[in-house]
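My notes follow in the order I went.

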Amino acid sequence: MSKIAVAGLGYVGLSLAVLLARENRVVAVDVVPEKVALVNGGSSPIRDPDIESMLAGGGLDLTATTDGAVAYRGADFVIVAAPTNYDEDRNAFDTSCVDEVVDLALGANPDAVVVVKSTVPVGYAERLAAGHQGATILFSPEFLREGRALYDNLHLSRIVVGAPKALRESGREAARRFANLLLEASDEDDVPVIVTGSTEAEAVKLFSNTYLATRVAFFNELDAYAEERGLDARGIIEGVVLDPRIGDHYCNPSFGYGGYCLPKDTKQLLADFGDVPQNVIGAVVAANETRKGFCARKVAERALSTAGPKAVVGAYRLVMKAGSDNYRSSAIQGVMSEVRSLGMEVVVYEPTLEDREFQGMRVLDDIGEFKAECDVIMANRMEPSLEDVMEKVYTRDCFFRD
């Protein structure tokens, strides 16, 4: 049994805390007292059915606290899952939260193995290790879906752990020990494990997410072509994805890629290229903005033809996907902003919001009132509750799935 501290109670940190607390002693740390109280009371501060069920069921060696120094003292591993939001002014991730956790953890416990799970720029762990001589600092990317984070940790597609070059074999040994922790906690018997350099592991994360964003952008442009030409987008996609080299995953058109990961990760990778020649990465980032503008114009055209300049456009749900309560950087928000810039009134239906206003737009919590008031309803993903007003709905969801 290992003693593990996990910094951050977002979907990455909480899913790892719950996963590892089945076989280890885990203390989770967060600066938000309400999150800590919920976890200690057996409830989840995020929406994830598997996390909710496991916390409610008890049997986990898991406590939560706001006192990081106490949690890190005596821990064998400190897992850092602090946020790294994208700083548009600096054109890079803001790693200040990760920096603070690492400083505090190593100050309290210099012998701990620090594992950064937060997504960071390529080369970050090497720079971090250079500033903490003698410390064992690893980077291990996560490959989780919001709303399915614990499930994905239980059924890992792969484990990647990287150590800075300066650590040599001791770093790789620590990386293998951490990989074994995840393997032992997984429900899968045969999970591929890659132990590599920390910089390579960081690149794995950013290139993986950028490839997913590339697929989204590609099928969205296929969909735009079909819509403009009056073609059946679904029929074209079904014909394309039957090629086994392409496959039928990540092919459902949308208003663009969004959420907490893909927008910032693609921008960070583009910034990391520096003077390295590239065309594809920049095109993917640009294509996502083009897509949101295209969808907004289509919505505005329909609204004008339906009800004229006083048309009311509804935004059905801000969340990125079914089963999630997160709407950070969701693609529909970009479309909403574009529609408003064209002079249209936009109202929002989002039952997870307590406020009656969102970024200057009215928020309705009654689905019947919402459907009655709106002349056009834009839905990134279709749900059965909209089937009775399909004539009002603008969606590019061909397959009615995430």
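Predicted model: local features only at pLDDT ≥ 70, side-chain atom pairs only at ≥ 80, totals over all residues.

I started with Ala315, which stands opposite Val348 in β12. That took me to the strands themselves: β11 (residues 312–316) and β12 run parallel and are joined by five bridges.

A reminder to myself: strands of a sheet pair through backbone hydrogen bonds, either parallel or antiparallel.

Then I wanted the whole sheet. I read off six strands in an open sheet, in the order β13-β14-β12-β11-β15-β16, with mixed pairing. Which strands are the edge strands? I get β13 (357–358) and β16 (393–394), each of which pairs on one side only.

Is β12 enclosed or open? I looked at burial for β12 (residues 345–349) and four of its five residues are buried, so the strand is largely enclosed by the rest of the structure.

I also looked up rings around here. Tyr316, Tyr349 and Phe370 are linked into a cluster by ring pairs. Tyr316 falls within the residues of β11 (312–316), and Tyr349 within those of β12 (345–349).

On to helix α10 (residues 233–241). I noted Ala233, Ile237 and Val241 as buried there. They cover an arc of only 50° around the axis, which puts them on the same side of α10. I asked what covers the buried residues of α10, and the cover includes α9 (198–229). At the start of α10 I also found a side-chain oxygen of Asp232 within 3.2 Å of the backbone nitrogen of Arg234.

Back to the rings. I count eight aromatic pairs in the structure. One of them is Phe77 with Phe178, a tilted pair at 5.9 Å centre to centre with 45° between the planes. I checked burial for both: Phe77 is buried at a relative accessible area of 3%, and Phe178 is buried at 0%.

Tyr86 and Phe93 were next. Their ring centres are 6.0 Å apart and their planes sit at 85°; over 60 counts as edge-to-face, so I logged the pair as edge-to-face. Tyr86 is buried, with a relative accessible area of 14%, and Phe93 is buried too, with 1%.

Last, I looked for arginines over rings. Arg148 lies over the face of Tyr151, at 4.3 Å from the ring centre. Arg158 lies over the face of Phe143, at 3.5 Å from the ring centre.

Methods: Residues numbered from 1 in each chain as written. Heavy atoms only, no water. Phe/Tyr/Trp six-rings, centres within 6.5 Å; stacked < 30°, edge-to-face > 60°. Buried < 20%, exposed > 50% of the residue type's maximum accessible area, 1.4 Å probe, protein only. Lys NZ or Arg CZ within 6 Å of the ring centre and 35° of its normal. Helix = DSSP H or I, 4+ residues; strand = E, 2+ residues; numbered from the N terminus. Arc of directions from axis to C-beta. Contact = heavy atoms within 4.5 Å. Polar contact = N/O pair within 3.5 Å; in protein donor to acceptor, adjacent residues only side chain to side chain. Pairing = 2+ DSSP bridges.
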